[in-house]
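This briefing concerns a predicted model.

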Amino acid sequence: MNQKNTELLHQQYLKRLRSERKKVRVYQLLIFFTFFAGWELSSRQRWIDPLLFSSPSKVWNLLIEKTLDGSLAVNLGVTLAETVLGFILGTLAGTMLAAVLWWSPLLSRILDPYLVILNSMPKVALGPILIVALGTNMTSIIAMGAIISVIITTIVVYTSFKEVDQNYLKVLQTFGATRTQCFKEAILPASFPTIISSLKVNVGLSWVGVIVGEFLVSSRGLGYMIIYGFQVFNFTLVFLSLFVIAVFATMMYQLVELLEKKLIKSNQ
Amino acid sequence: MDFLTLTGIHHTYFTKTSAVTALNDISLDVREGEFVSFLGPSGCGKTTLLSIIAGLIDPSDGQVKLEGKTVKQASNQTGYMLQQDYLFPWKTIEENILLGLKISGTLNAQKKEEVLALLEQMGLENVGKLYPKQLSGGMRQRVALVRTLATEPKLLMLDEPFSALDYLTKLKLENLVSNTLKTFEKTAILVTHDIGEAIAMSDRIFLLSPRPGRLHQVFLIPEELRNISPFEVRNHPLYNELFQSIWKELEYLEPEEY
């Protein structure tokens, strides 16, 4: 086949790719607008109860109002800080626990049933106990955000520590490496992709922990806004909070994904 | 005094349901600068024996002495090359080859220079900053050889290091490894199930019998084959003769194969 023909085919291929991408984008936007337009319309036409289901325009107005009086920023800031801290603490503690278990196979066998129990336990059920122990403040909410992800992180990361090819350790042992050196040079870097992907799961989990924590503590934050809106029957406020949570949870997830891409890239 | 001495090595693996004897009463000596091969069918405990010599496993009975010392005391005197290169994919080639020195805490500017120079001698230039993934199988195995040699081990153990490579690369690497080890006057033990490779590279071949592994016979490679490169050995008239006699012994050890 001659050069010109190949080039032409390539052009056609690229064109097809572009048009496909366009199609996907159009449908995505279509769903978005249909959903919000439908919501607005059914609320105005009273097909759904506007008191319960509010409407996009009301949520939007409330968003502007709450942004202007500064109360949204305060609540959002509190929730974000709690989530980020809970997320970091949960991941760090989980990874460190996994390292301890790897260090001592005996300890890991002893603790195995307890890990299984703790993992199957719904962590949010511990909420009241945490509040009693740590007080009705940010600390107990952060603890909720952390505790919800720590056990699953431990289990996932420990499993990946164990699955590192033993021959890498053999190489290190022939150089006379200590267990610390084996961990630092082989176990930890080999498990890096797993740790990063557990970060992605933990972002979502931390949001759950923090929102539930705020339901219980009920003083500040987006979770508080939801529970308050529910109690005074202001569902516009509930929807506003949900909207803000959706936006920021997605942003956090995207950030972690960006981090993943960067780290994995430097890994190759 | 011999360089490496094995006396009465026994090794048994225990599981919940069984005790499998992998090695039974193996005694042998290796002289300094010698290249020996452990040849045998699968299940003869070749790799176990190598791990015992390297001090990675303690034998159930018997002892290994390297220059009169037990291998535990003589750590860092042995280098080990595996079937696959096992270069760390997240480290650059340079970091990989300096790993041994880093771990033993003996890395300095001069040593680094020497190791990098060795890499160039192996025909690998300007690869220091690359990652293992970017190199071919043969290049990676050469890097693994440099990594093994970097700590200047007195005894090198090669556990089927060419088995994962294509035939042409394997022949080239046999020559390179053989030359390099001769130049540095290293003692080496090669584990293989490839008769040709054993003849081409060694000074002596220990034939092991399977289940449990024991020393069956020792073949001495004639002087004329020892001083030529592995590739030339394969073309030498004596090569075929030797191949046939080892082949017969292997057939005798495991006639029920196929």
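Within S2(B), Leu28(B) is the bridge partner of Leu6(B). The two strands S1 (residues 4-14) of chain B and S2(B) are joined by 8 bridges in the antiparallel sense.

**The sheet of chain B**
- Chain B contains an open sheet of 4 strands, ordered S2-S1-S4-S5, in which the pairing is antiparallel.
- S2 (19-30) and S5 (69-70) of chain B are the edge strands; each has a single partner strand, so one side of each lacks a neighbour in the sheet.
- In general, strands of a sheet pair through backbone hydrogen bonds, in either a parallel or an antiparallel manner.
- Helix H1 (residues 46-53) of chain B lies across S1, S2 and strand S4 (61-66) of chain B, and runs at about 60° to S2(B).

**The contact between chains A and B**
- Chain B contributes 18 residues to the contact, and chain A contributes 16 residues.
- On the side of chain B that touches chain A, strand S6 (78-81) and helix H3 (99-104) of chain B each supply at least two residues.
- H3(B) provides the largest share of that side, namely 4 residues.
- By residue class, the side of chain B that touches chain A comprises 10 nonpolar, 7 polar and 1 charged residues.

**The annotated span of chain A**
- According to an unreviewed UniProt entry, residues 72-256 of chain A carry the annotation "domain: ABC transmembrane type-1".
- In the model, the span of residues 72-256 of chain A is 86% helix and 0% strand, and its end C-alpha atoms are 24 Å apart.

Conventions:
Residues are numbered from 1 along each chain as its sequence is written. Chains are lettered from A and ligands numbered from 1 in the order in which they are written. This is a predicted model: local features need pLDDT of at least 70, side-chain atom pairs count only at pLDDT 80 or more; totals for chains, interfaces and linings use all residues. Two strands pair if DSSP finds at least two bridges between them. Two residues are in contact if their C-beta atoms, placed from the backbone, lie within 7 Å. Axes are lines fitted to C-alpha atoms, for helices over the stretch in contact, and angles run from 0 to 180 degrees between N-to-C directions. Ala, Val, Leu, Ile, Met, Phe, Trp, Tyr, Cys and Pro count as nonpolar, Asp, Glu, Lys and Arg as charged, and the others, Gly among them, as polar. UniProt positions are given in the numbering used here, feature names are shortened, and annotations may be inferred rather than shown by experiment.
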